[in-house]
Amino acid sequence: MTRRLTASGIVAGYRPDLPILHGVSVHVDAGEVMTIIGPNGAGKSTLIKAIAGLVTVSAGTVEIDGEDRTGTPAHLLAGAGVAYVPQTGNVFTTLTIRENLIVGGAALAKAEALARIDEIFTQYPMLAAKRAEKARVLSGGERQILAIARALLTSPRIILLDEPTAGLSPMAAAELFDLVRGLVADGAAVLMVEQNAKAALKMSDRAYVLAEGENRIDGVASDLLENDEIGRIFLGARPEDVA
Amino acid sequence: MIGVLSYLIFFLILALTFGIAVMGLNLQWGFTGLFNAGVAGFLAVGGYTHAILTGPARDAVFGGFELPFIVGLLGAMVAAGVVAIIVGLVTLRLRDEYLAVATFGIAVSIQLVAVNWEYMTGGTLGLIGIPNPSKVLADGPLRQNAIYLALVVGVTLLAYIGLQRIVQSPWGRVLKAIREDEVAASSLGKNPTRVRLEAFTLGCSLMGLSGALYVGFIGFVGATDFLPIITFQIWTMLIVGGSGNMKGAILGAMIVWGVWTGSGFAISKVVAPEWQAQSGALQAVLIGLILVLTLLMRPKGMIGEDVTVSRHATDL
Amino acid sequence: MILQHTADGILSGAIIGLGAIGLSFTMKILRFANFSHSELLTWGAYFGLIFISVATAMGGFGGTFGPLSFGWPLILALVFAAVATSLLALLLHHLIFERLAKVTGHMTMVFASFGVALLLRNAVLLIFGADPIYYSNTLQFAVKLPGNVRVLPDQVFLLGLTIVVVIALHLFLTRSRTGIAMRATAESPDLARVSGVNVNNVVRWVWVIGASGAAVAGVLYGLTVQLRPELGFALILPLFAAAILGGAGSLYGAVLGGLIVGLSENLSVMIIPTTYKPAVPFLLILAILYFRPQGLFGEKS
């Protein structure tokens, strides 16, 4: 199995003197949906941002498809096959749908980007229908689809999703998880952070549990569903996040 | 020797006078995070108020109350403070850079009033014959200036000690809390808007005091005394000295005023008379360079922030 | 009278609007209030002067266009000024603002812009002297429009050129990938980055566009009014008023904001003494920040 991403011993934070992650290690293989869960403040989003190049990594390494990419600027990572969909503000609301996709293809040559946009429009007719409208008119679920479509434009091999189902209705969340499963069919890898731990574990292959900026438990997702210790780690979190 | 001494006294009077304004700005920016780009305007309010209160009566011009010097100083502080309250009520809720633009606009407007409201300010002619108390107490410019210097040193010390006590008081700690994190400060039950207004007002009244001391020394106030470049100079003094530190404020005033007058002197010796008009431009270029280079090479200034203040200052 | 003031207001508003585009983009994308932006107008105007002086010394390029006071040299001077001012802005970015942006917050950038403004303004004073200068001594006859409104042919040119520049910028921002990336960066720099946009490049484009707009505005000001070292300094508040009125980052907002400022300034003389005219932009700034801080066209953040 091809290893898409290896992050080892990551120390990172928004200020050098206040690290949020204290040496976290995760890896994701091709064809795998890997989920990171953990209580609020565990550093899940910081980890995903550190991998995407948005947060400075002060120690540890990030390897992508076997190459050391630690400290590579975010815009170059996008060209190297890493796509990142943030939790909030993940579409450009002042740009049209088509313009959102054009920005998504910034790392590609122009002709290639335009061809990919046509492919995306075939794949997602909803986006094609609203191509000239500003993204602010989209519903929450539609925005997530646009955000993922924008990220897919470069045909990434690693897709980082930060709480993709936050704020979605149960039905929209289920549809989104279906879409996420489909992303890894051709050998890409998904690393996802989810607050909705139970639903996320059900659709994932493997999972890591982070707490206080450190690795706690990891393993096959279905095993973790049965693991009692997770409840204790989540102590203080809302029960529906854990149950 | 006498020449050097008298020049040194003259220099110190003005440097310390500006130092008081720098301390006021330091209270606003260094401690509270308020960007006041209208320093010149508050100096002008203080200067004119002092001139109106203590100056001689004149035809067709308001004021000339010939009140004691100290009344002039206090009046200047009150007037600058009142203007600051009005300005603050309108602008203090603005984001940093909008506050900078708005206060810059206030200084421009005050300057316009100074030029145009002849009944109040004497217009372009200005107000002359403002009494200098040292003239009554001694003979000869050297002694008179020495007395005025003693006065300015006293006022500076008072302002310094007062401000030190204030910033170390519970109220001063609230200032820093607001600068660091307004939301957190308000959750502690403090009203940030009110505390910001208080700090702004106190800072501006120190600028008013500085303007009054300046006018009291020069004996004259005119519309060209408080041009926007003064705002830039006072800011440069604060940045060079190191914001968040009252000693730095005074040191910065000494250094920058030293460079300003020193370069002016050097230019007047070197440059041919027909180019004198441009020598002011060269001085201003120098101030601009000092400001930019300090930010690039020594962003914390000569003296960094007092350690009691948290590390947030430099990344504001 | 009111019609004449309106016409004058539109003309000065066009210059303010052109100059404010760059300031507005800087506030939105570079995220700081650049007090030195107005000095780029001054430098643009004087770069234009350098070009015209050289062209005249070399014998010029034929006569003037019809009723206008200028010929080809001024058109080329506009291009030269835009390029030279852009290079100056990129130099300032590289030497000062880019370095500060890496290590400090946006308010340090504002201090730095204070210093840069002092440097730029006084350098002009040192090099060119304090006396007002004109591009051309050709006398123009005013054209009489209906309603007894008098405008100079050069002013009509100014208005036409402003419209051309705005249309060109509109096409750039909506059709080119760089322009779209610029709008994306304005909304969310991080999202633009992870989408593959090189934000450093976008920032350079912001300087180039801002400086070019400023240079064109400066040359037009020099053409229709006069060149002075304080040309830009006197426009600081009108430019900020236009940018804030329109809403940071909005092209049409900046231009419309410029028109509102120009009209308010010129119409204000009917109710307040002319000497207080320079305070009008400041009052507009206070009013807009009080009632609609995001500006007329800005997005609420």
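## Two long-range partners in chain C

In chain C, helix α1 passes helix α8 in a left-handed crossing. Keep in mind that this is a predicted model. So who are these two helices? The α1 helix of chain C covers residues 2–30 and the α8 helix covers residues 199–224. Their axes come within 7 Å and cross at roughly 160°. An angle over 145° counts as roughly antiparallel, and that makes α1(C) roughly antiparallel to α8(C).

What kinds of residues make up the contact of α1(C) with α8(C)? Sorted by class, there are 15 nonpolar residues, six polar ones and no charged ones.

## A second pair in chain C

Stay in chain C and look for helix α9, residues 236–246, and helix α11, residues 280–291. Here the axes come within 8 Å, with a crossing angle of roughly 25°. Angles under 35° count as roughly parallel, so α9(C) and α11(C) are roughly parallel to each other. Their crossing is left-handed.

You can pick out the touching residues yourself. On the α9(C) side they are L237(C), P238(C), F240(C), A241(C), I244(C) and L245(C). On the α11(C) side, look for P281(C), F282(C), L284(C), I285(C), I288(C) and L289(C).

Now hop over to chain A, where helix α3 spans residues 97–104 and helix α4 spans residues 110–123. The two axes come within 10 Å and cross at roughly 130°.

Which residues meet here? From α3(A) come I97(A), R98(A), L101(A) and I102(A), and they meet L114(A), I117(A), I120(A) and F121(A) of α4(A). The class count is seven nonpolar, no polar and one charged.

The largest cavity has a volume of about 80 Å³. Its lining has 13 residues, and those nearest its centre are A51(B), P56(B), R58(B), G64(B) and L127(B). Two elements of chain B give two or more residues each to this lining: helix α2 (39–54) and strand β1 (127–128). By class, the lining of the largest cavity has nine nonpolar, three polar and one charged residue.

The second largest cavity has a volume of about 70 Å³. Chain A gives A78(A), V82(A), A83(A), Y84(A), G104(A), R150(A), A151(A) and T154(A) to its lining, while V194(C) and S195(C) come from chain C. The elements that give two or more residues are β6 (82–85) and α6 (140–152) of chain A. Which element gives the largest share of this lining? That would be β6(A), with three residues. The lining of the second largest cavity divides into six nonpolar, three polar and one charged.

To find its centre, head for R228(C), E230(C), F233(C), A234(C) and L235(C), which are the closest to it among the 49 lining residues. How do the lining residues of this pocket divide by class? There are 31 nonpolar, eleven polar and seven charged.

Key
Residues numbered from 1 in each chain as written. Chains lettered and ligands numbered in written order. Predicted model: local features only at pLDDT ≥ 70, side-chain atom pairs only at ≥ 80, totals over all residues. Heavy atoms only, no water. 1 Å grid on protein atoms, 1.4 Å probe; cavity = no way out; pocket = protein on both sides within 12 Å on 5 of 7 lines; lining within 4 Å. Nonpolar A, V, L, I, M, F, W, Y, C, P; charged D, E, K, R; others polar. Axes fitted to C-alpha atoms, helices over the stretch in contact; angles between N-to-C directions. Helix = DSSP H or I, 4+ residues; strand = E, 2+ residues; numbered from the N terminus. Parallel < 35°, antiparallel > 145°, perpendicular 65-115°, else oblique. Left-handed = near helix turned anticlockwise from the far one by under 90°. Contact = heavy atoms within 4.5 Å. Points joined across faces, edges and corners; volume = space filled by probe spheres on them.
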